[in-house]
Amino acid sequence: MTQPVAIHGHFYQPPRENPFTGEVPREKGAEPYHDYNEKIAVECYQPNALAGNLDRISFNIGPTLIGWLDRHDHKTYRRIQEADRVHRQTHGVGNAIAQPVHHTILPLARRRDKITQIKWGIASFRHRYGRQPRGMWLPEMAVDLITLEILSRRGLSFTILSEEQVQGEVHGNAGPYRVRLPGGGFFAVFVRDRHVSNQLSFATDQITAGRQWLADQVQGRQGLMLIATDGETFGHHQRRGVQLLTDMLRDEAGSPYQLVTLADYLRTHPPVREIEISERTAWSCSHHLGRWDRGCGCTPGDHSWKPVLRSTLDLLADEIDAIYLYELRRLFSNPWLLVDQYIDVVLGVADMNTLIREATSAKLTTGQSLRIGKLVQAQLHRQRMFTSCGWFFEKLNRPEPRYVIAQAMRAIQLVKQATGTDLGPDFREALCAAKCGRARTGLLAPGHTAAMLYDEIEAANQLVLS
Ligand SMILES: [Zn+2]
């Protein structure tokens, strides 16, 4: 009897572009490539796509990453689109699933931000794959019931969690299971096998042949086994990853396992058994999301900068929103709808002026339209401030915290240009409380603060800021 196995790859890179120029800076360590996007594209995205590996696994590609591939590695981009299209033709459902656009830890986000991120994720997916998504990957698998409820209301049917995030009789069986929603109804959850997934991700050197290893893992199994891991495992984190994956995906008579994809399996195996989720948990932090707000043992050393950075950005978001609503409520019956639709401008399929014109019956002057456009654009950068990567690592002085601060500064600049209100000085002052800990690295030393990052970003972009 063959055992069903699904492999899901979460392909994602921290965004890197400078919000003032739109350019990705040259990155140390990526040599001989210009930056890590280029390096990882060559090591992972290209070889996996070209080997046909994306045809047979279930996958999601971060919307910011797939946008980069569209612009910089169009051949790989087209091959990825083809993988989903051919799967859809063969099985009636695609094998790609969606992702919130900015990899936000949704349980830490306000309800309004959850909705925007999920709507933007769906719109981005439709743009890339030409169809409605059925499933959505949650950034870091961070989950709460409100998030699942919003996914369900937006027409999505399933997500993936890790076995330590659920309560119920699971025993290595990926399900899918039913999770009861607070507003009524159920949402489907696939549960990944943590041990097997981690073995593939972190102990690859102990695996000699992919196919034999996978055959060993399914021995004595009941139901679906799900391996879910970072897609970059296959070629970037693990150099042998592409070869191992290709080997696992080979068609062979007499195999003890049968490869399936999630949407296809859900279609033929609607969930019956119910489980509960552990709210405010994630696959990469066992401290109730401490990694992305208060700090926790996931990152060693002094993590006191984390809660300060988060609360400073939360406060800034409140102020940006208050200005946004004050300026737009007089003219638009639903100011947030304009933000939700703005993703089409980012994707290049709509133009800002048309969007504004269609969202209000008021007759706007050119100057008014321009100012409103800037406030809506500020909302994009305000969303990017919460990219989870900003808090993922130990050090404040890394590109990721710098990225979220730069996004905040770009939002501040746009609000100032639109209204004359300068939120910069208060924001900078609040950043003084985010102190750099541990040993000296780069420009920041112990005792230095995030305000110095602010100053560096300001100096580096002086021409554009002025
Ligand atoms: Zn943690």
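A residue counts as buried if 20 or more other C-beta atoms, placed from the backbone, lie within 10 Å of its own; 12 or fewer make it exposed, and anything in between is partly exposed. By that rule, 47% of the 466 residues of the chain are buried.

This is a predicted model: local features need pLDDT of at least 70, side-chain atom pairs count only at pLDDT 80 or more, and totals for chains, interfaces and linings use all residues. Residues are numbered from 1 along each chain as its sequence is written.

The chain has 19 helices and 9 strands. These are DSSP runs numbered from the N terminus: helices are H or I with at least four residues, strands E with at least two. The C-alpha atoms fill a box of roughly 70 × 55 × 40 Å along the principal axes.

The chain splits into two domains, with bounds from an automatic or database domain assignment. Their C-alpha centres lie 28 Å apart.

Now strand 3. All 5 of the 5 residues in strand 3 (residues 158-162) are buried, so the rest of the structure largely encloses it. Phe 158, Ile 160 and Ser 162 are buried on one side, Thr 159 and Leu 161 on the other. In a regular strand, side chains alternate between the two faces of the sheet.

Strand 3 runs parallel to strand 6 (residues 186-192), joined by 5 bridges; pairing takes at least two DSSP bridges. Phe 158 stands opposite Ala 188 of strand 6.
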